[in-house]
Amino acid sequence: MARFIAKLKSEIGESPYELRYRGRQTSEPVLMRVIDYNKNSLKEATLKEFVEINGYKNTETVTWLNVDGLNDSDLVKQIGEVFKLDRMILSDVMNVSSRAKVQEYEECLYASVKMIQLNEDTKEINIENLSLVILNRLLISFQERKGDVFEPVRERIRKQKPKIISSKTDYLAFALLDVVIDNYIYILSVLGEQIENLEDELIEDPSRDMLERISDLKREISFMRRNIGPAREMILAMGKIDSEFIDDDNTSVHWRELQDNITLAIETVDGYRDMLTDMMNIYHTTVSTKLNDVMKFLTVFSVVFIPITFIAGIYGTNFEYIPELRYENGYFVMWGVILLVAGGMITYFKMKKWF
Amino acid sequence: MARFIAKLKSEIGESPYELRYRGRQTSEPVLMRVIDYNKNSLKEATLKEFVEINGYKNTETVTWLNVDGLNDSDLVKQIGEVFKLDRMILSDVMNVSSRAKVQEYEECLYASVKMIQLNEDTKEINIENLSLVILNRLLISFQERKGDVFEPVRERIRKQKPKIISSKTDYLAFALLDVVIDNYIYILSVLGEQIENLEDELIEDPSRDMLERISDLKREISFMRRNIGPAREMILAMGKIDSEFIDDDNTSVHWRELQDNITLAIETVDGYRDMLTDMMNIYHTTVSTKLNDVMKFLTVFSVVFIPITFIAGIYGTNFEYIPELRYENGYFVMWGVILLVAGGMITYFKMKKWF
Amino acid sequence: MARFIAKLKSEIGESPYELRYRGRQTSEPVLMRVIDYNKNSLKEATLKEFVEINGYKNTETVTWLNVDGLNDSDLVKQIGEVFKLDRMILSDVMNVSSRAKVQEYEECLYASVKMIQLNEDTKEINIENLSLVILNRLLISFQERKGDVFEPVRERIRKQKPKIISSKTDYLAFALLDVVIDNYIYILSVLGEQIENLEDELIEDPSRDMLERISDLKREISFMRRNIGPAREMILAMGKIDSEFIDDDNTSVHWRELQDNITLAIETVDGYRDMLTDMMNIYHTTVSTKLNDVMKFLTVFSVVFIPITFIAGIYGTNFEYIPELRYENGYFVMWGVILLVAGGMITYFKMKKWF
Amino acid sequence: MARFIAKLKSEIGESPYELRYRGRQTSEPVLMRVIDYNKNSLKEATLKEFVEINGYKNTETVTWLNVDGLNDSDLVKQIGEVFKLDRMILSDVMNVSSRAKVQEYEECLYASVKMIQLNEDTKEINIENLSLVILNRLLISFQERKGDVFEPVRERIRKQKPKIISSKTDYLAFALLDVVIDNYIYILSVLGEQIENLEDELIEDPSRDMLERISDLKREISFMRRNIGPAREMILAMGKIDSEFIDDDNTSVHWRELQDNITLAIETVDGYRDMLTDMMNIYHTTVSTKLNDVMKFLTVFSVVFIPITFIAGIYGTNFEYIPELRYENGYFVMWGVILLVAGGMITYFKMKKWF
Amino acid sequence: MARFIAKLKSEIGESPYELRYRGRQTSEPVLMRVIDYNKNSLKEATLKEFVEINGYKNTETVTWLNVDGLNDSDLVKQIGEVFKLDRMILSDVMNVSSRAKVQEYEECLYASVKMIQLNEDTKEINIENLSLVILNRLLISFQERKGDVFEPVRERIRKQKPKIISSKTDYLAFALLDVVIDNYIYILSVLGEQIENLEDELIEDPSRDMLERISDLKREISFMRRNIGPAREMILAMGKIDSEFIDDDNTSVHWRELQDNITLAIETVDGYRDMLTDMMNIYHTTVSTKLNDVMKFLTVFSVVFIPITFIAGIYGTNFEYIPELRYENGYFVMWGVILLVAGGMITYFKMKKWF
C-alpha cells in the first residue's frame with residue numbers, strides 16, 4: 001500500500017497524455033495474439049513483432065488483437081500510431097485504476113471494464129483492467145496479465161459458430177463483455193454458496209471465527225459491488241451509444257440482454273449483502289442468548305445456595321443458648337430444612353422457566 | 001447448489017443463441033395445449049405432435065398455445081422455425097433464470113415473468129419462469145412444469161365471457177399476467193396472515209423458535225420482493241411499449257390497472273418487511289426485559305441474604321469474650337436483628353420498585 | 001383475515017369487468033343523495049329509486065350524486081348504463097382495496113382515494129374507499145358506508161358560498177378531496193398530540209406499557225403513511241391531467257394548494273415516525289440505565305460485605321492458637337477493623353461515583 | 001396543542017377562500033411601514049390608515065409595504081381589493097401553517113417562507129411565516145409579529161447602496177429572502193457551536209444530562225431541516241420561474257447564489273444530524289464501557305475473596321480430628337496460604353488485564 | 001468558532017456585492033505570479049505592482065495570473081476593473097466559504113472549488129478556496145494562502161509539453177482542476193491506508209483508544225465527502241456548459257475523465273465510510289465478547305466455590321450431635337467430597353464449553 005501511495009503522489013498533476021502503467025510491474029514480455037476470421041477463413045497466430053499485424057489489415061475479415069501485458073509503453077505507443085488512435089485512448093489503456101467506462105472517439109470506440117476471475121485452486125479473486133478498442137474491422141483488447149476468461153469466445157470462433165463469424169467487431173465486443181459479466185455472476189454464485197453454507201452452520205453452532213468469516217464475505221461482496229456498479233453504467237451507456245462502430249439492428253437485443261444480466265447481478269449482490277447483515281445480527285443474538293442462558297443458570301444455581309448457607313451459618317454461631325443445637329436430631333432437622341428450602345426454590349424457578 | 005454452480009461455470013461464454021434449458025431436468029414429455037377461440041367458435045385440444053398446430057393457423061380466431069416443459073430443445077427449435085421467431089427469443093425462453101422483461105421484435109413481442117404459486121398442501125412456494133410470445137393472432141406461453149395458475153382464464157374463455165373472446169392476443173396476455181400478479185398478491189396475503197399471527201403470539205410469549213420463524217418469513221418476503229420488483233418494471237415497460245401487437249385503445253386502461261396492482265404489492269411487501277424488522281426488535285426487547293427482570297429479582301434476593309449471613313458469621317467467631325453470646329436471649333435477639341435487617345431491605349427494595 | 005384471504009383466492013383470475021364488492025358486506029339499503037345547485041337554485045333530495053335521477057339531468061346546474069354503500073352491484077350497473085360509463089369504472093368503484101388513482105376516460109374522469117375518519121367517541125380510525133366520477137355537469141361519489149366527511153362541503157353549497165355555486169364539477173371534486181386531505185391532517189395532529197404526550201411521560205417514568213403504546217402509534221403512523229403516499233401521487237397526477245373535465249384556469253391554483261397540503265402531511269408523518277423511533281431508543285436507554293443503576297448499587301452493596309464476612313470467617317476458625325482471640329478486647333477490635341474496611345470501601349466507591 | 005387540534009377540526013372543509021388567521025392571536029394593532037425609493041428619492045413612513053398607501057402609487061419608485069401582524073383580516077381584505085389581488089393570495093397570507101412556496105398569478109408573484117430568528121437573550125428560536133407579494137413596482141411583505149430580520153436591507157436602502165436602489169422589486173425580494181436564509185445559516189452555526197462544545201464535553205465526562213442535551217439539539221436540528229427543505233424547493237422554483245415580475249438578466253445570478261447558500265445550509269444540517277447520531281452512539285459506548293469497567297472491577301474483587309473465605313470456612317468446621325488446627329503455627333500458615341492465593345489471583349487477573 | 005459566529009452575524013443581510021474576505025486574516029502581502037506561454041514563448045514573473053499585468057495583454061499567448069492571498073480587497077477590485085469582471089465574481093472570489101460551483105458570465109466563466117492539501121510533516125489536512133476566472137486568453141486563479149498544488153502544471157508548461165502549450169485557457173483550467181482532484185484522491189488513499197492499518201490492529205488488539213481513532217478517521221472521511229460532493233456537481237456542470245470559453249471538441253474527453261475520477265473518489269469515500277462503520281461494530285463486538293468471556297469465567301469460578309463453601313459451613317455448625325464430626329477421618333472425607341463436587345462441576349462446565 002505504502003508504495004502504491006508513493007506512486008499516486010508522484011503522479012499528481014501528470015499530464016493526462018502521459019503513458020505510464022500504474023499496475024503491478026512484471027518483466028514478462030508482452031503477448032500479442034491475433035485471431036482473424038470471417039465466414040470463409042480463420043487464421044490464429046501469436047505475433048513476435050508488432051509489425052506482423054500488417055498482414056491482417058484487410059477489410060474482408062474481422063481481426064481481434066489481444067495484448068496481454070501493459071508494461072511496454074513503447075509498444076502501446078506503436079499500436080496507437082499504426083491505428084491512429086487518440087493519445088487519450090492509449091493513456092486510458094495504461095491507467096488500469098480507472099472506472100469502467102465507454103468513450104466515443106472519431107476513429108474508434110473505447111470501453112474498459114474490470115475483468116474478475118476466480119482462481120479455482122487458491123479460491124482467490126483476481127481483478128485486472130480490460131480495455132477494448134473497437135474499430136471498423138479490428139478489435140484490440142488490452143489486459144494486464146496473461147490468462148483471461150475469453151477462451152470460450154475463441155472456441156466459438158474456432159468452431160465457426162454462424163453468428164459470431166458473420167458479425168462484425170461490435171458483436172465480438174459484446175461476446176467479450178458477455179463473458180466478463182458471466183464471470184461476475186459465476187463468482188457471485190460461488191460467494192453465494194459460501195454464504196448459504198455459513199448460514200446453515202450459523203444456526204447450528206455460532207463459533208467465534210464465524211464472525212470473521214461473515215466479515216470476510218462482506219468485504220468480498222462489497223468488492224464485487226464496487227466493480228459491478230460501474231460496469232453496469234458502462235453497459236447501459238454502451239446500449240445507448242449512437243456510433244458507427246455499433247450496428248444497432250444487429251446488437252441492440254444483445255445489449256439489453258447484458259443489461260438484464262448485470263442488473264440481475266447487482267440485485268444478487270444486494271440480496272447477499274442483506275443476508276450477511278442479517279447473519280451478523282443472528283450471530284449476535286445467538287451468542288448473547290447463549291451467554292444469557294449460561295449466566296441465568298449460574299445465577300439461579302448460586303441463589304439456591306445462598307439461603308441454605310445462611311442456615312448453616314446460623315447454627316455455627318457460638319451463642320450459649322441456642323435451643324435447636326440441643327435437640328437430639330437438630331442436625332438432621334437442619335438438613336431437612338435445607339433440602340426443603342433448596343427443593344422449594346428449584347421448583348419455583350423451574351415453574352417460572354428460569355432455567 | 002454445487003451442481004448449479006458447476007452448470008453456471010460450464011456455461012460461461014456460451015453463445016447467447018445456444019438453446020439450453022438451465023432449469024430442473026425432468027423426463028416428462030412436454031405437454032402442448034391449444035385453445036382456439038373467437039366470438040363464434042371454441043376449440044380446445046392437447047397436441048400429440050407439434051405439426052397439428054397447423055390446423056389452427058387462421059386469422060379469424062385467437063390461438064393460445066401453452067407449452068408445459070422446456071426439456072425438449074428440439075421442440076422449441078421447431079416452434080421457432082414454424083412461427084419464424086428470432087433465435088434470441090428461443091434462447092430466452094430456455095433461459096429460465098433471467099429477469100422479468102419485455103422485448104420487442106419485428107415479428108412478435110416477447111415477455112417473461114416469474115410465476116409464483118402456493119402449494120396449498122405443503123404451504124411451499126413454487127417459482128417457475130413464464131415466457132409469453134405474443135404474435136398477431138397467436139399467443140404462445142412457455143412454462144417449466146405442468147400445473148399453472150391459468151385455469152381461471154381458460155374458464156373465462158370456455159364460458160365465452162364477452163371481453164376476452166372479442167379481444168385479441170394483447171388482452172389474453174394481459175389476462176395471463178393479471179393472474180400471475182393476482183397470485184403474487186394472494187401469496188403476500190397468506191404471508192401477511194402468518195406475520196400478523198406471529199405478531200400476536202410474540203406479545204404473549206416470545207419463545208425462542210419465534211426468532212427463527214421471523215427470520216424465515218423475512219427470507220420469504222425478500223424472495224417475493226426480489227421477484228415482484230422486476231415484474232413491476234416489466235409491466236411498466238409493457239404499458240409504455242408502442243407495438244403493433246398491443247392495441248393501446250383497448251388495453252391501456254388494463255396495463256394501468258396492472259401497474260397499480262403490482263405497485264400495491266410492492267408497498268405491501270415493504271410494509272411487511274418493516275413489520276418483521278419491528279417484530280425482531282420487539283422480540284429482542286421482550287427477551288432482554290424478561291432476562292433483566294429475572295436477574296434483578298435474583299440479585300435482590302441474594303443481596304438480602306448478604307448482611308444477615310455476615311451477622312451470623314460475626315457470632316460464629318471464637319473470641320474469648322463476646323458479650324452478646326452470653327446474654328440469655330442473645331440468639332433470639334440475633335434472629336430479631338436478622339429479620340429486621342432483611343425486612344427493612346425488602347421494604348426498601350419494594351419501595352424502589354426493584355422487584 | 002382468513003376469510004379475506006379465502007375471498008382473495010376465489011377472485012384470482014377473475015375478469016377485471018366483474019362487478020364484485022370486495023369490502024365488508026352489509027344488508028343496509030344503499031343511500032342515494034342528490035344536491036343540485038347553481039347560482040340561482042338549490043335542490044337537495046334523497047332518491048328512493050334510482051330513476052328519479054332523471055329529474056336532475058339538465059345542463060344548467062351542477063348535480064352531485066352521493067352513493068353510500070356498494071353492496072348492490074345491480075344499482076352500480078344501472079348507474080353505469082344511465083351515464084354510459086365504461087365497465088372498468090364500475091369495476092374500479094367496486095374494488096375498494098385498490099390504490100388511490102386518477103384515470104381519464106373519454107366520457108369522464110375517474111378518481112379514487114381512501115377516506116379516513118376519526119371516530120371521536122371510540123378514537124378508532126375508520127377507512128373506506130371513495131370513488132369520484134367526474135362528468136360534465138354531474139359528479140358521482142361512491143362510498144362504502146353511510147357517514148362521511150363531506151358535511152362542510154354540503155354546508156357551503158347550502159349557504160350559497162359564491163365560489164362553489166359558480167364553479168363546475170371540477171371545483172366540487174377539489175372541495176371533496178380537500179376535505180379528505182384536511183381529515184388526514186387532522187388525524188395526524190391527533191396522533192401527533194398523543195406522541196407528544198407520550199414523549200413527556202416517557203422522560204418522567206418509562207413504565208413497561210409505554211413500549212406497547214409507542215409500538216401502537218408507530219403502526220398507526222405507518223397506516224397513515226401507506227394511505228397518504230398514493231393519495232399524494234393521485235393529487236399530483238390530477239394537477240397534471242389535461243382533461244376537458246378540469247378547467248385549468250380555474251382550479252390549477254387549488255391543485256397546487258392540495259399538493260402543498262398533502263406534501264406537508266407526508267413530511268409531518270415522516271417527522272412523527274422519526275420521533276417515535278427516537279422515543280423507542282430513549283425508552284431503551286432509560287430502562288437500561290435504570291437497570292444498570294440498580295445492578296451497580298446492589299453489586300457495590302454486596303462487595304462491601306465480602307471482605308468483612310471474610311474477616312468474621314477468619315475468626316470462626318478453630319485453630320488452637322489464634323492470638324487475636326485471646327486479646328481482651330479482640331472482639332471489639334474486630335468490629336473496629338470491620339467498620340474501618342466497610343467505611344473505607346464505601347468512601348472509595350462514593351468517591352469514584354459508583355453509586 | 002389541544003386548542004390547536006380543536007381549531008384544526010373546526011376548519012376541516014372550510015372554503016380555501018376563507019380568510020382566517022390560524023396563528024397566535026394578539027390584540028396588538030397591525031403595523032404598516034412603507035419604504036419608497038429609487039435612485040433619486042427615499043421616503044420612509046409608518047401608515048396610520050391603510051388609505052395613505054395611495055400616496056405611494058407611482059411608477060417611478062419601488063414601494064415596499066411591510067405589514068406586521070395578521071390578526072386584522074379586514075385590513076388584509078382591503079389590501080387585496082386595493083391591489084386587486086386574487087382571493088387565494090389573501091387566504092395564503094393568512095394561512096401561516098403552509099409550506100414554503102412560490103405561486104404565479106396573473107397580477108403578481110406570491111412567495112412564502114418561514115422566517116426563523118434567534119432571540120439572543122433567551123436563546124430561543126422563533127419562527128413565523130413570511131409572505132411576499134411581488135407586483136410591478138410594489139412589494140408587500142406580511143409577517144405575523146413585529147420584529148423581523150430585515151433591518152440590514154432597510155439600512156442598505158437608506159444608505160442608497162447603488163444596486164438595490166437601481167433595481168426593481170425582484171431584487172428587493174431577493175434581498176429579503178437572502179436575509180432570511182442568512183439567518184438560517186447563522187442559527188445553524190450557533191447550533192453547530194453547541195454541538196461541538198457538547199462533543200468536547202462528551203469525551204471528557206459523559207454525565208447523564210448529556211443525553212437530554214443531545215436529544216434537544218437533535219430536535220432543533222430536525223426543526224431546522226423541516227423548514228429549510230421546503231425553503232430550498234421554493235428558491236429552486238423561484239430560479240426557474242418565467243414571470244414578468246422577475247427580470248432574469250438581472251437576478252438569475254442571485255437566485256443561483258441563494259440556491260448554493262441554502263444547499264450548503266442543508267448539507268450543514270445533515271452533517272450536524274450525523275454528528276449528533278454519532279455522539280449518541282459514543283455516549284452509549286462510553287457509558288456502557290464505564291459501567292463494564294466498574295462491574296469487572298467489582299467482580300474481580302469478589303472473586304478474590306471467594307476462595308479465601310472458603311479456606312477460612314474449612315477451618316471453622318468442628319471435626320474432632322483436623323490435623324492442621326493442632327500445628328503450632330497453623331493459624332499463621334493459613335494466613336500465608338490465604339495471602340498466597342489472593343496474591344496469585346490478583347497477579348493472574350492483572351496479567352490478563354482484567355482490571 | 002465563537003468569533004466565526006460573531007462574524008457571520010455581522011454579515012447577515014449584507015449586499016452580495018460587498019467585497020469582504022471571510023477567511024483567515026493575514027498581513028502577508030499578496031503574491032501575484034504570471035506565466036505567459038504559447039508554442040513559441042514562455043515568460044514567468046512575479047508582479048510587484050498589478051499594473052505590470054498590462055505587459056501580458058496580447059492575444060497570441062495564454063496568460064495565467066495566480067493570486068495568492070485575498071486580504072487585499074482593493075487589489076481584487078482593481079483586477080475586476082481592469083478585466084471588466086462582474087462585481088458578483090469579485091464577491092464570490094472573496095467569499096471563501098461558498099460551495100464549489102461554476103457560473104457563466106458574459107465576459108468569462110467563473111469556477112470555484114476547495115483545494116485540499118496534505119501537509120506531509122504534520123499530517124494535517126489543509127483546505128482553502130480556489131477560484132478560477134476563465135477569460136479568452138487569460139486565466140486568473142485566486143487562492144487564500146501561499147503554497148498550492150499547481151507546481152506540476154507549472155512544470156509541464158516550463159517543459160513545453162505539447163498539449164498544454166498548444167491549448168487555450170480551457171485546457172489550463174482543466175489541468176488545474178485535475179491536480180486538485182488528484183490531490184483529493186491522494187489524500188483519500190492516505191486516509192485509506194490508515195483505515196486499513198487500523199483494521200489490522202483492531203482484530204489483534206482492540207484497545208480503547210481505537211474507538212477514538214476510528215471516530216477521528218470518520219470525521220476526516222466526512223470532511224472529504226462534504227467537499228468532494230459539491231466538487232463533483234461542479235465538474236459535471238462544467239462538462240455540460242455551452243460557453244465560448246470552453247472548446248468542446250478539445251476538452252470534452254478531459255471533462256469526462258475528470259468526472260470519472262471524481263466519481264471514483266466519491267465511491268472510494270463511501271467505501272471507506274462503510275468500512276469505518278463496520279470497524280466500529282467489530283470493535284464493539286470484540287470488546288463485549290471479551291468482557292463476556294471474563295464475566296463468564298469469573299462467574300463459573302465463583303459458582304464452583306459456592307457449594308463447597310456450603311459444605312464447610314455445614315460442618316461449622318455447633319449441633320451437639322453431628323455424626324460425621326466424630327468419624328476418625330471425617331475431615332478428610334469432607335475434603336474428598338469437596339474435591340469431588342468441585343471437580344464434577346468443573347468437568348460439567350468444561351463439557352458445556354462455558355469457559
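**Chain A, overall**

I began with the secondary structure of chain A and found ten helices and seven strands. I note here that the model is predicted.

Next I looked up the dimensions. The C-alpha trace of chain A spans about 120 × 45 × 35 Å along its principal axes.

I then checked burial and contacts. In chain A, 35% of the 355 residues count as buried. Among the contacts of chain A with a separation of 6 or more, 71% are between residues 24 or more positions apart.

**Chain A against chain B**

I asked how many residues of chain A are in contact with chain B. The count is 47 residues of chain A, in contact with 41 residues of chain B. I then listed the helices of chain A that each supply at least two residues to this side: α4 (151-158), α5 (162-165), α6 (169-204) and α8 (248-314). The most comes from α8(A), with 23 residues. By residue class, I get 20 nonpolar, 13 polar and 14 charged on the side of chain A that touches chain B.

**Chain E, α8 and α10**

I turned to the packing of two helices in chain E, α8 (residues 248-314) and α10 (residues 330-351). Their axes are 10 Å apart and the angle is about 155°. Angles over 145 degrees count as roughly antiparallel, so α8(E) is roughly antiparallel to α10(E). The crossing of α8(E) past α10(E) is right-handed.

Which residues make the contact? From α8(E) I recorded E:V300, E:V304, E:P307, E:I308 and E:I311. From α10(E) I recorded E:M334, E:V337, E:I338, E:V341, E:A342, E:M345, E:I346 and E:F349. The residues of the contact of α8(E) with α10(E) divide into 13 nonpolar, no polar and no charged.

**Chain E, Leu139**

I picked out E:L139, which lies in strand β7 (residues 138-143) of chain E. Is E:L139 buried or exposed? I count 26 other C-beta atoms within 10 Å of E:L139. The cut-off for buried is 20 or more, so E:L139 is buried.

I listed what E:L139 touches, leaving out residues up to four places away in sequence: E:W64, E:L132, E:I134, E:T169, E:L172 and E:A173. I also took one C-alpha distance, from E:L139 to E:R24. These two residues are 115 residues apart along the chain, and their C-alpha atoms are separated by 25 Å.

Notes:
Residues numbered from 1 in each chain as written. Chains lettered and ligands numbered in written order. Predicted model: local features only at pLDDT ≥ 70, side-chain atom pairs only at ≥ 80, totals over all residues. Helix = DSSP H or I, 4+ residues; strand = E, 2+ residues; numbered from the N terminus. Buried ≥ 20, exposed ≤ 12 C-beta atoms within 10 Å, placed from the backbone. Contact = placed C-beta atoms within 7 Å. Nonpolar A, V, L, I, M, F, W, Y, C, P; charged D, E, K, R; others polar. Axes fitted to C-alpha atoms, helices over the stretch in contact; angles between N-to-C directions. Parallel < 35°, antiparallel > 145°, perpendicular 65-115°, else oblique. Left-handed = near helix turned anticlockwise from the far one by under 90°.
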